[in-house]
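Hi,

Here's the structure I promised to pass on. Have a look through it first, and then read my notes below.

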Amino acid sequence: MEKTFNAAEAESRIYDAWEQAGAFKAGANAKRDDTFCIMIPPPNVTGSLHMGHAFNNTLQDILTRWHRMRGFDTLWQPGQDHAGIATQMVVERDLAKEGKRRTDFTRQEFLKKVWEWKQTSGGTIINQLKRLGASCDWSRNAFTMSGAPGAPKGEDGNFHDAVIRVFVDMYNKGYIYRGKRLVNWDPHFETAISDLEVEQVEQDGKMWRLRYPLADGETYQHPVEWDEDGTVTATETRDYLTVATTRPETMLGDTGVAVHPDDARYTHLIGKHAILPLVGRRLRIVADDYADPEKGTGAVKMTPAHDFNDWAVGERTGLRAINVMNTKAAIALRGNADFAEGCPDDDIARCIEALDGIDRYEARDWIIQTAEAEGWLDGIDADRHMVPHGDRSKVAIEPYLTDQWFVDTQKVVQPAIDAVHNGDVTIMPDQDRKVYLHWLENIEPWCISRQLWWGHQIPVWFGPEKQDSNGTLFLAASSSSAGQPKQFCHATEAEAVASAEAYYGKPVRIVASRNEAVSDGFPMDAAEVKIWREEDVLDTWFSSGLWPIGTLGWPEDTEALNKYFPTDVLITGFDIIFFWVARMMMMQYAVVGQKPFHTVYVHALVRDEKGKKMSKSLGNVLDPLDLIDEYGADAVRFTLTAMAAMGRDLKLSKDRIAGYRNFGTKLWNAARFAEMNGAISAPTQYRQITDAKQTVNKWIIGEVGRIREDVDTALSAYRFNDAANALYAFVWGKVCDWYVEFSKPLLMDGTPEEQAETRTTMAWVLDQCLILLHPIMPFVTEELWQATPNRETMLVHADWPEYGADLVNPEADREMNWVISVIEGVRSARAQMHVPAGLKIPMLVSDLDAVGRAAWDRNEALIMKLARIDSLTESADFPKGTVTVPVEGATFGLPLADIIDVDEEKARLQKALAKLEKELSGLRGRLNNPKFAQSAPAEVVEETRENLAAREEEEARINAALARLAELG
RNA sequence: GGGUGAUUAGCUCAGUGGUAGAGCGCUUCGUUCACAUCGAAGAUGUCAGAAGUUCGAAUCUUCUAUCACCCA
């Protein structure tokens with residue numbers, strides 16, 4: 001064997017071997033009926049592996065490998081989502097390099113290019129996950145756009161089918177509706193986005209105060225002076241209202257001014273009007289609690305079509321909504337009937353001349369300059385405020401009035417809440433459970449339509465409504481807020497046509513667009529009715545929301561669906577609790593009436609070592625692939641696992657990773673030692689628990705039993721860090737530090753029987769280490785496993801052990817702990833007395849009791865070797881210059897007359913005594929308190945008594961040693 | 001403004017009522033035949049502060065301070 005594990009060379013070789021053997025396929029190594037299924041949180045098809053993925057998938061892989069080794073019928077389902085905006089963005093960026101735009105192509109042509117991109121670049125993250133060691137069943141790799149029209153060969157699958165059927169199902173159940181609502185509009189991508197895709201960004205801005213003249217000669221008294229109590233002492237008469245705004249350009253769409261109903265300054269104005277400068281529109285003054293008398297003048301301009309709060313006020317008070325922008329957030333006034341209505345022609349003409357087609361921010365500048373020139377700019381204040389931005393485009397979001405599709409979340413939310421309350425679904429840690437519930441209990445409608453080309457086109461066809469008993473066909477203007485066209489929602493075009501023909505009672509023809517359909521109206525004598533399909537696509541998260549059923553083959557009644565659904569555990573980041581977890585819960589219950597999984601493990605963020613979020617702009621990103629190159633996948637995985645304390649962010653440093661790389665090397669070298677001593681190649685049939693006679697072997701077998709239980713307990717509770725830390729302490733601290741050392745005298749100088757027993761035990765112990773470590777460190781453990789000839793299976797399919805603490809032999813346990821304490825005591829005394837490390841010295845012992853004597857006799861060779869002692873002599877009186885080592889049941893002495901410094905030895909003993917006294921006073925204090933004995937559990941009291949007795953014995957031994965020193969002066 | 005969490009060794013963090021822990025770093029010693037990606041020994045704590053509950057509090061309760069994140 002080499003001196004270290006060559007991760008770079010071995011990892012791909014081992015991974016390929018696993019794949020070739022079909023080791024990760026659903027059901028591989030299944031030995032029982034229980035199933036275990038994890039759905040990967042699908043990464044974006046545009047994505048590449050970052051630390052968050054590495055963390056997330058390491059935890060999933062641990063659970064998957066653990067269950068597979070335990071014989072569960074296991075499926076880790078991989079896949080990617082189609083990432084509507086992100087993918088379209090990537091492809092458009094490529095086109096831009098050739099000086100082309102999306103709109104230079106037809107929708108079909110563009111989609112062909114997207115698929116081409118997907119086929120060449122979309123598999124990046126799959127290969128990266130393989131480098132991490134992820135044991136997904138890649139033969140089942142899913143994609144949220146698979147099966148969509150236009151998908152090229154090799155993109156098999158029926159996910160599209162599932163998405164469409166879920167939409168139709170939810171539509172038919174009344175959970176989905178279309179409506180003209182204010183939505184978050186991204187002017188860059190020219191699509192609606194959901195409120196979750198909006199980021200609030202704090203920005204320095206301005207607050208402009210504008211004067212809106214009162215109509216019809218109205219005035220009010222505006223306070224200008226106050227006394228110390230705040231009582232108004234002077235007012236002035238004003239014939240205008242001052243309103244403040246951070247977005248002056250929206251004034252073009254103002255339709256009212258709101259004041260608080262109790263604001264005495266304005267009550268007489270309610271129902272009266274102000275005149276909108278520039279436009280000349282009459283603005284109704286309305287009363288609404290939204291207007292805060294304390295803020296500014298207490299009067300607020302109302303733009304229902306361009307502000308969410310104003311929209312709500314408009315709904316309550318009946319204000320018109322006037323859209324004054326186009327989809328690029330430029331001002332759109334020409335031909336805008338809503339805008340012109342009721343306004344003087346001159347004003348309208350001037351606005352169109354100056355502002356039509358102008359970007360919103362240029363329009364703002366022009367309006368402010370004009371206001372200043374014309375005297376209706378009251379003032380400008382600096383203001384820092386939140387501005388909504390698109391999380392992809394990074395441009396300011398525009399509240400925008402359009403027709404969109406919504407999931408009526410109120411109707412589907414309850415089962416998702418109940419399931420968590422009643423324990424059907426566990427979300428851990430608890431803080432994330434609270435976040436989940438809080439969000440669902442205050443759920444808002446979910447806007448699911450996107451004005452994109454890449455995505456699942458909504459399966460709804462529109463046509464005119466039958467108006468009256470005569471069957472007159474009527475279609476409301478698309479800009480009108482009243483009335484929707486007739487909708488035919490079906491999974492296929494044929495069904496939609498059939499349904500429409502039944503409705504109209506005449507043949508139906510599908511045309512490309514609404515414009516084509518309405519070109520010559522809907523004459524009663526027409527031979528056919530023209531219908532057209534909704535152009536919008538569905539939010540990517542809508543398709544991700546049905547990931548559990550969609551990947552398993554629903555709506556078909558597949559074997560996989562029957563076997564693995566509901567799935568078991570979902571492991572995901574806290575950042576997509578709303579985006580994904582909550583929506584999966586709602587949708588699975590809405591569509592199939594079952595929970596998607598029984599447990600959700602939410603993990604935190606991976607940060608840099610200073611606790612900063614990793615970001616490209618800060619340049620503090622650690623690339624998991626670089627780390628794997630440098631330290632190996634096992635080290636990266638172990639690090640993430642050891643740091644995965646629930647609910648806490650991980651601060652990742654390279655030192656830590658190097659430390660766990662060293663751990664792998666340690667394990668490697670223990671195996672190398674075993675190989676050199678004939679323990680690795682011990683015949684397979686002997687690699688089992690030996691009927692050990694040697695205390696050392698009995699002891700380590702018991703320790704293996706303990707660690708197996710600890711690891712299973714930890715993993716069962718999703719305490720990944722406990723599992724990793726326990727294994728680290730066991731393998732390094734117990735096996736390598738002690739057992740390997742203890743074995744040396746037996747392997748090198750033992751009888752043939754002792755040698756054989758120890759070889760077999762060591763082989764077994766190392767096998768158990770490999771098995772238990774494999775879920776966390778799959779590569780190095782598999783490599784070591786296969787270093788043994790004639791294995792029946794690869795380690796990935798080895799049986800997970802079921803023994804436990806029943807393997808512990810209490811006598812052996814006690815004895816080895818005693819041996820360790822003797823060795824540590826001697827080593828410590830030697831080091832502090834500056835005895836040269838290599839020097840072998842004699843040792844004395846007094847007060848050796850029967851148990852101690854038996855323990856010594858059985859373990860003399862290894863104590864003498866490890867403590868570097870060359871003889872033991874019983875001696876009631878230690879000679880002058882003896883260093884004392886007190887242990888339970890004996891006092892050992894190192895006669896070091898030539899070397900010892902009496903003062904130093906005295907200081908050493910006194911320090912030990914001081915520490916002991918502190919513990920003793922605590923123990924005595926507790927036992928002397930009568931309430932302790934009364935209230936504390938009996939075993940605690942007993943434990944305390946025993947502890948006190950042991951400490952008192954040690955105290956006596958140290959005091960005796962000090963007395964001897966004192967005699968010597 | 002609302003919510004959720006955090007504060008323990010120089011650093012990063014475990015630790016859900018019973019003797020304060022780990023890794024890294026640091027100090028001293030050591031190239032003895034698994035491993036210097038190593039071994040041995042060692043130093044380091046008002047468990048943020050205050051009050052309370054309890055025989056007993058890092059742990060439970062309340063308040064204060066500071067920090068972080070999420071939602072408005």
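How many residues does helix 26 have, and how far does it reach from its first C-alpha to its last? Keep in mind as you look that this is a predicted model. Helix 26 runs over residues 810-832, so it has 23 residues, and it reaches 33 Å, close to the 33 Å expected at 1.5 Å a residue.

Both ends of that helix are worth a look. At its start, Asn809 uses a side-chain oxygen to come within 3.0 Å of the backbone nitrogen of Glu811. Just after helix 26, you'll find His834 with a positive phi of about 60°.

Is Gln755 buried or exposed? Its relative accessibility is 18%, and buried means under 20%, so Gln755 counts as buried. Setting aside the neighbours within four places in sequence, Gln755 is in contact with Leu746, Leu747, Met748 and Gly750.

There's also a sheet to find. Strands of a sheet pair through backbone hydrogen bonds, either parallel or antiparallel. Here, three strands make an open sheet in the order 10-7-15, with antiparallel pairing. Strand 10 (240-245) and strand 15 (377-390) are the edge strands, each pairing on one side only. From one strand to the next, the twist averages 20°.

Which residue in strand 15 is the bridge partner of Gly205? That's Asp383.

Happy exploring!

How values were computed:
Residues are numbered from 1 along each chain as its sequence is written. Chains are lettered from A and ligands numbered from 1 in the order in which they are written. This is a predicted model: local features need pLDDT of at least 70, side-chain atom pairs count only at pLDDT 80 or more; totals for chains, interfaces and linings use all residues. Side-chain values use heavy atoms; hydrogens and water are left out. Buried means under 20% relative accessible area, exposed over 50%, partly exposed in between (1.4 Å probe, protein chains only). Contact means heavy atoms within 4.5 Å. Helices (H or I, at least four residues) and strands (E, at least two) are DSSP runs, numbered from the N terminus. A polar contact is a pair of N or O atoms within 3.5 Å; within protein, one must be able to donate a hydrogen and the other to accept it, and residues adjacent in sequence count only if both atoms are side-chain atoms. Two strands pair if DSSP finds at least two bridges between them. Axes are lines fitted to C-alpha atoms, for helices over the stretch in contact, and angles run from 0 to 180 degrees between N-to-C directions.
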